[in-house]
Amino acid sequence: MGKRILIVSPATARENNGNWQTASRWARFLRGYYQVEVARDWSAQDPAPDLLIALHARRSAAALAAFTARHPDRPSVLVLTGTDLYRDIAIDANAQASLHHAHALVLLQPAGLALLPDAMQAKAHVIYQSAPSLRPHAPGPNARHRDICMVGHLREEKDPLTFILAASLVTAPGVRLLHIGGALDPALGEAAEQAESPRYHWLGALPHAAARQRLKRSQAMAITSKMEGGANVIIEAVTSGVPVLASDISGNRGMLGEDYAGYFPAGDPAALAHLIDLSITDPEFDALLRRQCAARALLFAPAAEQAALRDLVDNLLLHAPGATTNMENHDEHD
């Protein structure tokens, strides 16, 4: 375990967002094979790892630039996690520079490949995120409520207003729209607090395990985002047997497939409300979504993500300048 890996994440456990979940999970996958640390930044004054993994092209740009300038012979990986892929690399010079600095690029779903410049395609890899499977929850026949869950902090990219407004348009009996997430945008937090529909319940930020248990007990999960790199909450729903109602954006299509039946136009609360009603009142539609989600579940297995990650890291370290061909404990995957 001589090789050291540093994962630079712009988020910490306190934020408990997708970037942190990725950083935490990847650190867990790599420990036991490498020495792994997670930090918010890296500078030339810090001890240098043998390999640096940077999450988010813009927010980790300074760390990635400093590392590649100081240690050009040591490999680096840039993980394009969401807004950087679908916004920043088109308009932000630092994010664009990160694409060139990194030895390898990781995308969390394949639809995002179309956003990369042609010159970057050769060093791009797709690694689906994962979540442990949970036994699906079977509600009793006399359950008072059918819950539709949204898990996402209140910020513009997640478009929580579509979920809030859909609550007033749902007609199926017994439906509650439960929203888990902290108010990163105060105006959106105020909108959640003042929501008029009695169907809408904002639960605020919850610990990850508690949020997943809420999700597991839901009839369906709604994701209303305007942009996503590869939403971990989709994986957590699918691996819990919970069907997804998803905004029709590239990142969600890359996760759920082009033929998925549960898409609605982004920013359209009436269309989302219609899908919610269908998922409650139409058993055939509900069964279709569950079959399609179950078919994607194998893509999101932890063993598959760990194997893909280790394969990438092992090969980058093996072929780094000065690396020996005898990498102790790294010749085979378990």
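**Salt bridges in a predicted model**

Glu305 and Arg25 are both buried (under 20% relative accessible area; exposed is over 50%, partly exposed in between, with a 1.4 Å probe and protein chains only). This is a predicted model, where local features need pLDDT of at least 70, side-chain atom pairs count only at pLDDT 80 or more, and totals for chains, interfaces and linings use all residues. Residues are numbered from 1 along each chain as its sequence is written, and side-chain values use heavy atoms, leaving out hydrogens and water.

**The salt bridges**
- The structure has 13 salt bridges, each a side-chain nitrogen of Lys or Arg within 4 Å of a carboxyl oxygen of Asp or Glu.
- Glu305 pairs up with Arg25 in one of these, with the closest N and O atoms 2.8 Å apart.
- That pair ties together distant parts of the chain, 280 residues apart: Glu305 sits in helix 12 (residues 302–318) and Arg25 in helix 1 (residues 18–30).
- Helices here are DSSP runs (H or I, at least four residues), as are strands (E, at least two), numbered from the N terminus.

**Around Arg87**
- Arg87 and Glu157 meet in a salt bridge at 3.1 Å, N to O.
- Arg87 is in helix 3 (residues 83–91), while Glu157 is in the loop between strand 7 (146–151) and helix 5, 70 residues apart.
- Glu157 counts as buried at 16% relative accessibility, but Arg87 is partly exposed at 29%.
- Arg58, Arg87, Asp88, Arg155 and Glu157 are linked in a salt-bridge network.

**Within helix 11**
- Asp286 and Arg290 form a salt bridge, their closest N and O atoms 2.9 Å apart.
- They're about one helical turn apart because they sit four residues apart in helix 11 (residues 283–296).
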